[in-house]
Every structure is written in structure tokens, then in C-alpha cells.
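Here are some notes to go with the model you asked about. Keep the picture open while you read, and take the points one at a time.

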Amino acid sequence: MERIERAGERRERGRSALSGLLGAVVAPLVGERLDLPPQLLGVFPDLAAARFRRGGLPPRVGGWVLGQRTVAAITLWRTIFVAPGVRLDPALLLHELGHVRQFEASAAFPLRYVWESLRRGYGGNRYEADAERYAVGRLREPRSYRPPSQDV
Ligand SMILES: [Zn+2]
């Protein structure tokens, strides 16, 4: 019995070493899972519709396209990648959530986005303007949560 348990523990250790190794290889590519603080989700529950990751290759590739080292955040389908060290600013996250909605609205969105960027540049891209309008509008909406200290 004891021997079996030890073998099980060894297997467990082996697995965690393997997942650690996989993490070391994979994290630079896809980042690490990022759980938003509950307070933030309390104020903006719609953010729960997206998945969040910290780091990874996508923010860097987005940066290269714009001639920068990285972008603060980038969205690929339902996943929002936030660059390392970037604050979880609601304005930024809601802008990216606007992009999640664009991905959901049309399967052709990625191609249309690239086409817009080629024609008008990042600044003139109507999908960027649309995502920003969404974020600004959402920030103006009444909050569903207020910190308790505000009521005192
Ligand atoms: Zn954007």
C-alpha cells in the first residue's frame, strides 16, 4: 500500500515537472491564464464573456505591426491578451471586449480588420473606432457595483 502511494506521488511529481516544462515552452507563446479581480467583474460583469491571458506572443506581434515593442493588449476571437506589466484598466479591457464582439459578429472580421488597417491605417480603422465607442459608452453606463466606502 505504502509503496503504491509512493509510486503515485512520483507520478504526480513527474506530471508537475512535465507541466512546468510545458509551461516554460508554451507561456512565451500563449501567455498565462489571467483571472480578473472579482471587484472588476462585479462592476463590468460583461468582461466574463472573454478569456484573459497575460503575456504571450500576440501582444508582441501586434506591436511589431505598429512599429512598437508591444501593444498593451490584443484580442484574438474570445481571448484578450494583456501585455506583461500593463494595468487592468477598465477602458482598455472594455475596448478589447468591443473587439471580442466584432469577432463574434462576423467570421470575416479578421480579414476585414486587416483590410481596414491596410487601407486606412490603425488610426483610421473603423473597427478601432467602433471598439472605442463601445468602451466609452460602457464606461458611462451606471455601475452595478460601488465600493462600500462610497456610501459612507
Ligand atoms: Zn483596438
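Which residues of H3 are buried? Point 5 has the reply, but let's get our bearings first.

1. **Ground rules.** What you see is a predicted model, where local features need pLDDT of at least 70 and side-chain atom pairs count only at pLDDT 80 or more, while totals for chains, interfaces and linings use all residues. Residues are numbered from 1 along each chain as its sequence is written.

2. **The overall layout.** The protein has 6 helices and 4 strands. Those names come from DSSP runs (H or I, at least four residues, for helices; E, at least two, for strands), numbered from the N terminus. Read from the N terminus on, the elements go α-β-α-β-α-β-β-α-α-α. Of the 152 residues in the protein, 19% are buried. Here "buried" needs 20 or more other C-beta atoms within 10 Å of a residue's own, "exposed" means 12 or fewer, and "partly exposed" is in between, with C-beta atoms placed from the backbone. Among contacts with a separation of 6 or more, 53% link residues 24 or more positions apart. A contact means that two C-beta atoms, placed from the backbone, lie within 7 Å.

3. **The sheet.** The 4 strands make an open sheet in the order S1-S2-S4-S3, with mixed pairing. Strand S1 (32–33) and S3 are at the edges with a single partner strand each, so one side of each has no neighbour in the sheet. Two strands count as paired if DSSP finds at least two bridges between them. As background, strands of a sheet pair through backbone hydrogen bonds, either parallel or antiparallel.

4. **Who pairs with whom.** Let's walk across the sheet. S1 and S2 run antiparallel and are joined by 2 bridges, with Arg 33 opposite Arg 53 in S2. Strand S2 (residues 51–54) then pairs with strand S4 (residues 79–82) in the parallel sense, over 4 bridges. Look for Arg 51 opposite Thr 79 in S4, and for Phe 81, the bridge partner of Arg 53 in S4. Strand S3 (residues 73–76) pairs with S4 in the antiparallel sense, also over 4 bridges, and there Thr 75 stands opposite Ile 80. The hairpin of S3 and S4 has 2 residues between the strands, and in it Trp 77 takes a positive phi near 55 degrees.

5. **Helix H3.** Back to the opening question: the buried residues of H3 are Pro 58, Pro 59 and Gly 62. They sit on the same side of H3 because they cover an arc of only 100 degrees around the axis. That arc is taken from the directions from the helix axis to the C-beta atoms. S3 and S4 are included in what covers these buried residues. After H3 comes Gly 67, with a positive phi near 75 degrees.

6. **The core.** The largest nonpolar core has 16 residues, and those with the most contacts inside it are Ala 73, Ile 80, Phe 81, Val 82, Leu 93, Leu 94 and Leu 97. Such a core is a set of buried Ala, Val, Leu, Ile, Met, Phe, Trp, Tyr and Cys residues joined through C-beta atoms within 7 Å. S3, S4, H4 and H6 each supply at least two residues of this core, and H4 gives the most, with 4 residues.

7. **Helix H6.** The buried residues of H6 are Glu 128, Ala 131 and Ala 135. Their arc around the axis is only 65 degrees, which puts them on the same side of H6. On the other side of H6 you'll find Arg 126, Arg 133, Gly 137 and Arg 140 exposed. Helix H4 (90–105) and helix H5 (109–124) are included in what covers the buried residues of H6.

8. **A loop to look at.** Is Gly 85 buried or exposed? Gly 85 lies in the loop between S4 and H4, and counts as exposed because it has 9 C-beta neighbours inside 10 Å. Gly 85 and Ala 72 are 13 residues apart in sequence, and their C-alpha atoms are 8.9 Å apart in space.
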